[in-house]
Amino acid sequence: MEVANCCLDGNADAVEFCPHDSSRHVLAAATYTLQEGDCPTRFGSISLFDVDADVGRFELIHRVETAGIFDIKWNPVGGNVDRPLLAQADADGCLRIHALECSPDKEKGGFLRDIVGEKISSSMCLCLDWSPSATSIVVGLSDGSVSAVSFSESQLDVIQEWKAHDFEVWATSFDIHQPQLVYTGSDDCKFSCWDLRDSPANAVFQNSKIHKMGVCCIAKFPSDPNRLVTGSYDEYLRVWDVRSISRPINETSVHLGGGVWRLKHHPYVPGLILAACMHNGFAVVKIEEDQKGEVIETYSQHGSLAYGADWQRKELLQGDKQKKTAVATCSFYDRLLRIWIPENVNVL
């Protein structure tokens, strides 16, 4: 079901709903635009929206201009920092942290305040992930390296950087159950795991045989310490057991008809995954208990590359049997941001 849409001020590539209780209505949308010419420049923005799909509210409340952004992530709930922070990985090789502040005029919502930023590489920062404690961030770089950066209030320090892959690193993800481990994926088709307790980080495993093209995204199952999913340009979603990483579980993979750029687990329903499928729109995939995957819904209202996707977290009221979950999606060249509600997803 359609709720609302708008055009952003640049090519749209990332959307993230704030997970913190006080700000679940806040959606951040990021852009990356290449200005070609003799001296090409990459610029972008972060736009904040106030979203309530139940009443159709979708309002721009703040926008900040930045360098071209490849990835944004809110800090996790339950970490050492209990207020909403938004991390940005950008084309200038910078990692920046913004704090979500309340506007003096409550009716106008919140705004972002830049609290710290560091140029961590001469290469571009392509992806990032917070540790579960929000005390460190891993960043994937365009030269194939990965940086581990410590974060304390208003301070970023590169702890270590290592050459993880041969080409661009498009996916980096902490293991939320074993935060000393970090998973990475790259244009070299390799899917790897690293132990941060060693310096430089030690390779726990590296699979270079299964993905036929570059690895774009990695997402651990929140409710299962042994399972994760990967997405690839080869158009497959794969389910893995980290205890046996030579092949996906039961050779299970779901063909999504487009490069799998983003995978987001539903905040409440185990095994339900939102996928951004580049040339084939968006899909909701259900992973059953027998590990078989099935596409239960597709969304094709975008006109160009499907890049950004996220579920909105909502308070579940007692007795609310048919609670629907809103979704934000964005597409690159048409600069389109849409809010919609999947028809086949109920939170029981």
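In which sense do strand E14 and E15 pair, and over how many bridges? In this predicted model, strand E14 (residues 169-174) runs antiparallel to E15, and five bridges link the pair. Six residues form the hairpin that joins E14 to E15.

Strand E15 also has a partner in strand E16 (residues 191-195), again in the antiparallel sense and over five bridges. Here the hairpin has four residues between the strands, and Cys189 in the turn shows a positive phi of about 75°. The table sets out both pairings of E15.

| Pairing | Sense and bridges | Hairpin | Residues opposite each other |
| E15 and E16 | antiparallel, five bridges | four residues | Tyr183 and Cys193 |

How many of the six residues of E15 are buried? Six of the six are, so strand E15 (residues 181-186) is largely enclosed by the rest of the structure. In a regular strand, side chains alternate between the two faces of the sheet. On one side of E15 sit Leu181, Tyr183 and Gly185, and on the other Val182, Thr184 and Ser186; all are buried.

Now to the nonpolar cores. The largest nonpolar core has 20 residues, and Leu95, Ile97, Trp130 and Phe151 touch the most other members. At least two residues of this core come from each of strands E7 (85-90), E8 (94-102), E9 (110-119), E10 (125-130), E11 (136-141) and E12 (145-152). Another core, of 17 residues, lies apart from it and includes Val239, Cys277, Val285 and Ile287.

Leu95 is worth a look of its own: among the residues that Leu95 touches are Val116, Leu128, Ile137, Val139 and Val149.

Methods. Residues are numbered from 1 along each chain as its sequence is written. This is a predicted model: local features need pLDDT of at least 70, side-chain atom pairs count only at pLDDT 80 or more; totals for chains, interfaces and linings use all residues. Side-chain values use heavy atoms; hydrogens and water are left out. A nonpolar core is a set of buried Ala, Val, Leu, Ile, Met, Phe, Trp, Tyr and Cys residues joined through side-chain atoms within 4.5 Å. Buried means under 20% relative accessible area, exposed over 50%, partly exposed in between (1.4 Å probe, protein chains only). Contact means heavy atoms within 4.5 Å. Two strands pair if DSSP finds at least two bridges between them. Lists of a residue's contacts leave out its neighbours within four places in sequence.
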